Amino acid sequence: MFVRRVFQQTSRRLLSSLSNEILLTYPEENPGIALLGLNRPPVNAVSLSLGATLREAIAEIKSKKSLQGVILYSTTPKIFCAGADLKERLFIKEEDVPGMVRTFRLMIQDIYELPMPIICAIDGVAMGGGLELALGTDIRVCSTTAKMALSETKLAIIPGGGGTQRLPRVVGVPKAKELIFTGRDVYGEEAEKIGLVNYCVEQNEEGNAAFVKSLEIATLLQDRGPVALRMAKKAITEGFEAGPVRAGLEVEHEAYMGVIPTNDRIEALMAFREKRKPNFKGE
């Protein structure tokens, strides 16, 4: 099965000699797609080292202009990410906490600002900072066995990785307030119903149904122009954040100007005339 081959490939490809907690793979079977794996069992808790290596991975991905999509997933069965490493936090001085939280927030912002689409596969638990990681992506897919929550109020704190800002933008202010105030769990089917995820799929025997669906979506991106995908993301994200529609339309215009001088646009027109598949290079 292809997905198993991808996971085997990923398990042998370490991003950095400093850490094996993040796995970054560019599978030959899916050119144009990067697989970004959380690999810190048993629960992928976000430690300082994991955060640093993840930012290193994001920087590498950002530099690859031909990429059409990224899948963020977990190599650990039944777990996406349980959030911050609370054992590590026990030994962090109070005066160092603000800087640590800021670094975590910037890490998720790095994910959010990746120029190409990023899909998140949630095949298990995504709690606290783990859900905040997912909220930094463009498209979220979960399985029926997934469990998600911004549970920080149970620890007498609040979400510090952008959860208070991104969750309301995804599910609406009233629902976000309920979920953050109560810290309650949201399971797969409800997550799809309230718009927290794009898809909730029935879990399979391998326990990677969300990854399989994410790969299916990513495969659709492989025939799309890399520059066009980047400009579409820019137009939607920055246009929405600009406020009024008129301001957003200016962002859209700017983004459209970014695709006009590209070789990919000419290649698409030539391929249409010649009745063949275009060969996009992200230029």
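Okay, let's start with Asp123, which sits in the loop between strand S5 (118-122) and strand S6 (125-127). Keep in mind as we go that this is a predicted model.

So, what about salt bridges for Asp123? There is none, even though Asp123 is buried. The nearest side chain of opposite charge belongs to Lys78, and that is 12 Å away. If you leave aside neighbours within four places in sequence, the residues in contact with Asp123 include Ser143, Thr145, Gln203, Gly207, Asn208 and Phe211.

You'll find Glu152 in the loop between strand S8 (147-149) and H6. Why do we call Glu152 buried? Because its relative accessibility is 7%, and the cut-off for buried is under 20%. Again setting aside neighbours within four places, Glu152 has contacts with Gly128, Gly129, Glu132, Ile157, Ile158 and Pro159.

Now on to helix H6 itself, residues 163-171. Which of its residues are buried? They are Gly163, Arg166, Leu167 and Val171. Looking down the axis of H6, you see these buried residues fall within an arc of 110°, so they line one face of the helix. Here's the general idea: an α-helix has 3.6 residues a turn, so residues three or four places apart point the same way. And what do the buried residues of H6 pack against? That would be helix H4 (97-112), helix H5 (129-135) and helix H7 (173-182).

Last topic: salt bridges. How many are there in the whole structure? A search finds 14, and I'll show you a few.

One is between Asp110 and Arg55, at 2.7 Å from N to O. Asp110 is in helix H4 and Arg55 in helix H2, so this pair ties together parts that are 55 residues apart in sequence. Asp110 counts as partly exposed, at 22% relative accessibility, and Arg55 is partly exposed too, at 29%.

Next up is Lys233 with Asp138, at 2.8 Å from N to O. This pair links distant parts of the chain, 95 residues apart: Lys233 is in helix H10 (residues 226-241), and Asp138 is in the loop between H5 and strand S7 (139-143). Is Lys233 buried or exposed? Buried, with a relative accessible area of 10%, whereas Asp138 is partly exposed, at 28%.

And then there's Lys175 with Glu178, whose closest N and O atoms are 2.9 Å apart. These two are three residues apart in helix H7, so about one helical turn separates them. Lys175 is partly exposed at 24% relative accessibility, and Glu178 is partly exposed at 29%. They also belong to a network of salt bridges, where Lys175 and Glu178 are linked with Arg184 and Glu190.

Conventions. Residues are numbered from 1 along each chain as its sequence is written. This is a predicted model: local features need pLDDT of at least 70, side-chain atom pairs count only at pLDDT 80 or more; totals for chains, interfaces and linings use all residues. Side-chain values use heavy atoms; hydrogens and water are left out. Helices (H or I, at least four residues) and strands (E, at least two) are DSSP runs, numbered from the N terminus. Buried means under 20% relative accessible area, exposed over 50%, partly exposed in between (1.4 Å probe, protein chains only). Lys and Arg count as positive and Asp and Glu as negative; His and the chain ends are not counted. A salt bridge is a side-chain nitrogen of Lys or Arg within 4 Å of a carboxyl oxygen of Asp or Glu. Contact means heavy atoms within 4.5 Å. The arc is that of the directions from the helix axis to the C-beta atoms.
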